[in-house]
Amino acid sequence: MLERWARPVARLSNATARGINAFFAVLGRPGKLFQDFLNGSWLGHSLHPVVVDVVVGGSTVALLLQLLAWLGAADVRTALVWTVALTWLAGVSAIVTGLTDFKDTATGDERNVAGLHGLVNILATLALIGAFVALLGDADALAGWLIVAGFVILSLGAFIGGHVVFKYGYMVNRNAFSRGKAAKEFTAVLPAADLAEATPTAAMLGATALVVVRRGDLVFALKDTCSHAGGPLSKGHLAADTIVCPWHGSAFRLRDGAVRHGPSSTRQVAYRARINEGQVEVQGPVD
(Lines give C-alpha, C1' and ligand atoms only; values in the text may rest on other atoms or scores of the structure.)
Protein backbone atom coordinates (compact mmCIF):
# COMPACT_ATOMS: atom_id res chain seq x y z
CA MET A 1 0.00 0.00 0.00
CA LEU A 2 2.73 2.49 0.92
CA GLU A 3 4.57 1.66 -2.29
CA ARG A 4 1.46 2.59 -4.28
CA TRP A 5 1.08 5.87 -2.39
CA ALA A 6 4.75 6.70 -2.90
CA ARG A 7 4.97 6.15 -6.66
CA PRO A 8 3.53 9.59 -7.57
CA VAL A 9 6.54 11.21 -5.89
CA ALA A 10 9.05 9.13 -7.91
CA ARG A 11 10.13 12.01 -10.17
CA LEU A 12 10.59 14.34 -7.21
CA SER A 13 12.53 11.65 -5.30
CA ASN A 14 14.89 10.94 -8.21
CA ALA A 15 15.46 14.63 -8.90
CA THR A 16 16.19 15.25 -5.21
CA ALA A 17 18.72 12.41 -5.05
CA ARG A 18 20.49 13.71 -8.17
CA GLY A 19 20.53 17.24 -6.80
CA ILE A 20 22.04 16.22 -3.46
CA ASN A 21 24.71 14.12 -5.17
CA ALA A 22 25.58 17.09 -7.39
CA PHE A 23 25.77 19.38 -4.35
CA PHE A 24 28.28 17.19 -2.53
CA ALA A 25 30.26 16.64 -5.75
CA VAL A 26 30.67 20.40 -6.23
CA LEU A 27 32.08 20.70 -2.69
CA GLY A 28 34.88 18.24 -3.48
CA ARG A 29 36.86 16.76 -0.59
CA PRO A 30 35.32 19.08 2.06
CA GLY A 31 31.94 17.89 0.81
CA LYS A 32 33.03 14.27 1.21
CA LEU A 33 34.08 14.90 4.81
CA PHE A 34 30.82 16.75 5.50
CA GLN A 35 28.91 13.84 3.99
CA ASP A 36 30.81 11.40 6.22
CA PHE A 37 29.74 13.42 9.26
CA LEU A 38 26.09 13.56 8.21
CA ASN A 39 26.00 9.86 7.26
CA GLY A 40 27.36 8.92 10.70
CA SER A 41 30.42 7.08 9.38
CA TRP A 42 32.29 8.28 12.49
CA LEU A 43 29.49 7.08 14.78
CA GLY A 44 29.25 3.45 13.74
CA HIS A 45 25.71 3.76 12.44
CA SER A 46 23.52 6.31 10.68
CA LEU A 47 23.32 9.73 12.40
CA HIS A 48 19.78 10.31 11.15
CA PRO A 49 17.92 8.09 13.68
CA VAL A 50 19.86 9.71 16.53
CA VAL A 51 18.44 13.17 15.80
CA VAL A 52 15.06 11.67 14.91
CA ASP A 53 14.83 10.37 18.49
CA VAL A 54 15.04 14.00 19.66
CA VAL A 55 12.30 15.04 17.23
CA VAL A 56 9.92 12.25 18.25
CA GLY A 57 10.57 12.76 21.97
CA GLY A 58 10.33 16.53 21.73
CA SER A 59 7.07 16.49 19.79
CA THR A 60 5.58 14.07 22.31
CA VAL A 61 6.55 16.31 25.22
CA ALA A 62 5.25 19.37 23.35
CA LEU A 63 1.90 17.64 22.79
CA LEU A 64 1.71 16.73 26.48
CA LEU A 65 2.50 20.30 27.56
CA GLN A 66 -0.09 21.64 25.14
CA LEU A 67 -2.76 19.31 26.51
CA LEU A 68 -1.86 20.39 30.05
CA ALA A 69 -2.18 24.03 29.00
CA TRP A 70 -5.61 23.37 27.51
CA LEU A 71 -6.60 21.66 30.78
CA GLY A 72 -5.66 24.79 32.71
CA ALA A 73 -2.23 23.85 34.07
CA ALA A 74 -0.25 26.90 35.08
CA ASP A 75 3.34 27.82 34.21
CA VAL A 76 3.81 25.44 31.27
CA ARG A 77 4.07 28.00 28.47
CA THR A 78 7.79 28.71 28.84
CA ALA A 79 8.56 24.99 28.84
CA LEU A 80 6.34 24.58 25.77
CA VAL A 81 8.16 27.31 23.84
CA TRP A 82 11.60 25.82 24.56
CA THR A 83 10.43 22.29 23.79
CA VAL A 84 8.97 23.31 20.43
CA ALA A 85 12.17 25.20 19.63
CA LEU A 86 14.32 22.16 20.39
CA THR A 87 11.99 19.93 18.37
CA TRP A 88 11.94 21.94 15.17
CA LEU A 89 15.71 22.50 15.32
CA ALA A 90 16.19 18.74 15.66
CA GLY A 91 13.69 18.33 12.83
CA VAL A 92 15.86 20.44 10.53
CA SER A 93 18.87 18.32 11.53
CA ALA A 94 16.87 15.18 10.74
CA ILE A 95 16.01 16.58 7.31
CA VAL A 96 19.66 17.36 6.51
CA THR A 97 20.97 13.97 7.69
CA GLY A 98 18.06 12.16 6.08
CA LEU A 99 18.64 13.81 2.71
CA THR A 100 22.32 12.85 2.89
CA ASP A 101 21.38 9.20 3.41
CA PHE A 102 18.62 9.48 0.80
CA LYS A 103 20.95 10.36 -2.08
CA ASP A 104 22.28 6.78 -2.04
CA THR A 105 18.97 4.90 -1.96
CA ALA A 106 18.18 2.25 -4.53
CA THR A 107 15.91 3.46 -7.31
CA GLY A 108 12.34 2.18 -7.44
CA ASP A 109 10.04 1.52 -4.52
CA GLU A 110 12.77 1.86 -1.89
CA ARG A 111 13.61 5.40 -3.01
CA ASN A 112 9.95 6.29 -3.53
CA VAL A 113 8.92 5.25 -0.02
CA ALA A 114 11.99 6.90 1.51
CA GLY A 115 11.09 10.04 -0.43
CA LEU A 116 7.52 9.94 0.87
CA HIS A 117 8.90 9.53 4.40
CA GLY A 118 11.06 12.60 3.96
CA LEU A 119 8.29 14.68 2.41
CA VAL A 120 5.89 13.90 5.27
CA ASN A 121 8.51 14.76 7.88
CA ILE A 122 9.36 18.04 6.15
CA LEU A 123 5.66 18.96 6.46
CA ALA A 124 5.73 18.01 10.14
CA THR A 125 8.81 20.17 10.73
CA LEU A 126 7.16 23.11 8.96
CA ALA A 127 4.14 22.72 11.23
CA LEU A 128 6.38 22.80 14.31
CA ILE A 129 8.25 25.85 13.02
CA GLY A 130 4.88 27.50 12.50
CA ALA A 131 3.89 26.61 16.07
CA PHE A 132 7.09 28.18 17.40
CA VAL A 133 6.51 31.39 15.43
CA ALA A 134 2.89 31.48 16.63
CA LEU A 135 4.02 31.12 20.25
CA LEU A 136 6.47 33.98 19.84
CA GLY A 137 3.61 36.08 18.45
CA ASP A 138 1.29 35.12 21.33
CA ALA A 139 -1.02 33.28 18.92
CA ASP A 140 -1.32 30.42 21.40
CA ALA A 141 -4.51 28.94 19.95
CA LEU A 142 -2.97 28.59 16.49
CA ALA A 143 0.25 27.24 18.01
CA GLY A 144 -1.68 24.55 19.87
CA TRP A 145 -3.34 23.20 16.76
CA LEU A 146 -0.06 23.32 14.83
CA ILE A 147 1.60 21.29 17.60
CA VAL A 148 -1.14 18.66 17.34
CA ALA A 149 -0.91 18.64 13.54
CA GLY A 150 2.87 18.39 13.67
CA PHE A 151 2.71 15.43 16.06
CA VAL A 152 0.16 13.56 13.91
CA ILE A 153 2.07 14.17 10.67
CA LEU A 154 5.36 13.23 12.34
CA SER A 155 3.85 9.98 13.62
CA LEU A 156 2.81 9.09 10.06
CA GLY A 157 6.31 9.92 8.84
CA ALA A 158 7.86 7.75 11.55
CA PHE A 159 5.63 4.84 10.53
CA ILE A 160 6.72 5.18 6.91
CA GLY A 161 10.35 5.41 8.03
CA GLY A 162 10.00 2.17 9.95
CA HIS A 163 8.58 0.53 6.83
CA VAL A 164 11.63 1.60 4.82
CA VAL A 165 14.01 0.18 7.41
CA PHE A 166 12.24 -3.08 8.17
CA LYS A 167 11.18 -3.96 4.62
CA TYR A 168 14.14 -2.68 2.61
CA GLY A 169 16.97 -2.77 5.18
CA TYR A 170 17.59 0.93 4.53
CA MET A 171 20.92 2.07 6.07
CA VAL A 172 21.24 -1.32 7.81
CA ASN A 173 24.51 -3.30 7.74
CA ARG A 174 24.09 -5.78 4.87
CA ASN A 175 26.48 -8.20 6.57
CA ALA A 176 24.80 -8.14 10.00
CA PHE A 177 23.16 -11.55 9.63
CA SER A 178 25.72 -13.13 7.35
CA ARG A 179 29.29 -12.37 8.36
CA GLY A 180 30.47 -15.05 6.00
CA LYS A 181 32.08 -18.47 6.21
CA ALA A 182 34.64 -18.86 8.97
CA ALA A 183 38.02 -20.47 8.32
CA LYS A 184 39.84 -21.54 11.48
CA GLU A 185 42.87 -22.56 9.44
CA PHE A 186 44.34 -20.82 6.41
CA THR A 187 42.29 -22.02 3.45
CA ALA A 188 43.12 -21.66 -0.25
CA VAL A 189 40.67 -19.48 -2.19
CA LEU A 190 42.56 -18.55 -5.37
CA PRO A 191 45.72 -19.46 -7.29
CA ALA A 192 48.33 -16.78 -6.66
CA ALA A 193 48.94 -16.56 -10.41
CA ASP A 194 45.37 -15.27 -10.84
CA LEU A 195 45.89 -12.36 -8.42
CA ALA A 196 47.30 -9.38 -10.29
CA GLU A 197 49.11 -6.61 -8.44
CA ALA A 198 46.87 -3.82 -7.04
CA THR A 199 43.75 -5.24 -8.71
CA PRO A 200 40.58 -6.05 -6.73
CA THR A 201 39.89 -9.71 -7.49
CA ALA A 202 36.86 -11.84 -6.61
CA ALA A 203 37.38 -15.14 -4.79
CA MET A 204 35.17 -17.63 -2.98
CA LEU A 205 35.51 -19.09 0.49
CA GLY A 206 32.82 -21.74 0.30
CA ALA A 207 29.64 -19.78 -0.44
CA THR A 208 31.13 -16.48 0.78
CA ALA A 209 32.30 -14.01 -1.85
CA LEU A 210 35.56 -12.23 -1.03
CA VAL A 211 37.55 -9.45 -2.62
CA VAL A 212 41.32 -10.03 -2.53
CA VAL A 213 43.99 -7.41 -3.19
CA ARG A 214 47.73 -7.92 -3.62
CA ARG A 215 50.19 -5.16 -2.77
CA GLY A 216 53.70 -6.52 -3.26
CA ASP A 217 54.27 -9.22 -0.65
CA LEU A 218 51.09 -8.28 1.23
CA VAL A 219 47.64 -9.71 0.53
CA PHE A 220 44.36 -8.36 1.89
CA ALA A 221 40.91 -9.99 1.92
CA LEU A 222 37.52 -8.50 2.73
CA LYS A 223 34.01 -9.78 2.31
CA ASP A 224 32.91 -8.71 -1.16
CA THR A 225 29.44 -7.50 -0.13
CA CYS A 226 29.56 -3.82 0.86
CA SER A 227 28.03 -3.31 4.29
CA HIS A 228 26.14 -0.20 3.12
CA ALA A 229 23.96 -1.47 0.30
CA GLY A 230 25.47 -4.74 -0.88
CA GLY A 231 27.63 -3.46 -3.71
CA PRO A 232 30.42 -5.75 -5.06
CA LEU A 233 33.75 -4.43 -3.79
CA SER A 234 35.58 -6.58 -6.32
CA LYS A 235 34.17 -4.23 -8.98
CA GLY A 236 35.46 -1.18 -7.11
CA HIS A 237 38.80 0.58 -7.24
CA LEU A 238 41.76 1.15 -4.93
CA ALA A 239 42.57 4.53 -3.39
CA ALA A 240 45.71 4.61 -1.23
CA ASP A 241 45.12 2.03 1.52
CA THR A 242 41.39 1.64 0.82
CA ILE A 243 39.01 -0.07 -1.57
CA VAL A 244 36.09 2.02 -2.82
CA CYS A 245 32.65 0.52 -3.48
CA PRO A 246 31.50 1.08 -7.09
CA TRP A 247 27.88 1.78 -6.08
CA HIS A 248 28.01 4.68 -3.62
CA GLY A 249 31.69 5.33 -2.93
CA SER A 250 32.06 3.87 0.56
CA ALA A 251 35.78 3.38 1.27
CA PHE A 252 37.12 0.61 3.52
CA ARG A 253 40.67 0.16 4.78
CA LEU A 254 42.17 -2.95 3.25
CA ARG A 255 44.01 -3.95 6.40
CA ASP A 256 40.98 -4.37 8.67
CA GLY A 257 37.83 -3.24 6.83
CA ALA A 258 37.48 -0.02 8.86
CA VAL A 259 35.28 2.66 7.30
CA ARG A 260 37.34 5.53 5.91
CA HIS A 261 34.52 7.25 4.02
CA GLY A 262 30.73 6.78 3.96
CA PRO A 263 27.91 6.43 3.25
CA SER A 264 28.68 3.15 5.00
CA SER A 265 28.96 3.40 8.77
CA THR A 266 29.77 -0.25 9.45
CA ARG A 267 33.16 -1.94 9.27
CA GLN A 268 33.63 -4.44 6.46
CA VAL A 269 34.24 -8.09 7.40
CA ALA A 270 37.98 -8.77 7.03
CA TYR A 271 40.14 -11.91 6.81
CA ARG A 272 43.84 -12.56 7.31
CA ALA A 273 45.42 -13.41 3.95
CA ARG A 274 48.70 -14.73 2.63
CA ILE A 275 50.33 -16.44 -0.34
CA ASN A 276 51.53 -19.95 0.40
CA GLU A 277 52.76 -22.58 -2.06
CA GLY A 278 51.24 -20.77 -5.04
CA GLN A 279 47.83 -20.27 -3.42
CA VAL A 280 46.10 -17.29 -1.87
CA GLU A 281 44.95 -18.43 1.56
CA VAL A 282 42.62 -16.73 4.05
CA GLN A 283 41.77 -17.22 7.71
CA GLY A 284 39.11 -15.55 9.83
CA PRO A 285 37.04 -13.42 9.89
CA VAL A 286 39.12 -11.05 12.00
CA ASP A 287 37.22 -9.75 15.04
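Tutor: Helices are DSSP runs of H or I with at least four residues, strands are runs of E with at least two, and both are numbered from the N terminus. The model is predicted, and its residues are numbered from 1 along each chain as its sequence is written. Local features need pLDDT of at least 70 and side-chain atom pairs count only at pLDDT 80 or more, totals for chains, interfaces and linings use all residues, and side-chain values use heavy atoms, leaving out hydrogens and water.

Student: How far apart are the end C-alpha atoms of helix α6?

Tutor: The expected span of a helix is 1.5 Å times one less than its number of residues. Helix α6 (residues 140-168) has 29 residues and should therefore span 42 Å. The separation of its end C-alpha atoms agrees with this, at 41 Å.

Student: Which helices do the buried residues of α6 pack against?

Tutor: Buried means under 20% relative accessible area, exposed over 50%, and partly exposed in between (1.4 Å probe, protein chains only). The buried residues of α6 include Ala143, Ile147, Leu154 and Tyr168. With contact taken as heavy atoms within 4.5 Å, these buried residues pack against α1 (2-6), α3 (48-70), α4 (77-102) and α5 (109-136).

Student: Are the rings of Phe24 and Phe34 stacked, edge-to-face or tilted?

Tutor: Rings of Phe, Tyr and Trp (its six-membered ring) pair if their centres lie within 6.5 Å; planes under 30 degrees apart count as stacked, over 60 as edge-to-face and the rest as tilted. By this rule the model holds five aromatic pairs. For Phe24 and Phe34 the centres are 6.3 Å apart and the planes stand at 50 degrees, so the pair is tilted.

Student: How many residues apart in sequence are the parts tied together by Trp70 and Trp145?

Tutor: The rings of Trp70 and Trp145 have centres 5.2 Å apart and planes at 45 degrees, so this pair is tilted. Trp70 belongs to helix α3 and Trp145 to helix α6, so the parts tied together are separated in sequence by 75 residues.

Student: What is the bridge partner of Ile243 in β7?

Tutor: Two strands pair if DSSP finds at least two bridges between them. Strands β6 (residues 242-244) and β7 (residues 251-253) pair in the antiparallel sense over three bridges. Within β7, the partner of Ile243 is Phe252.
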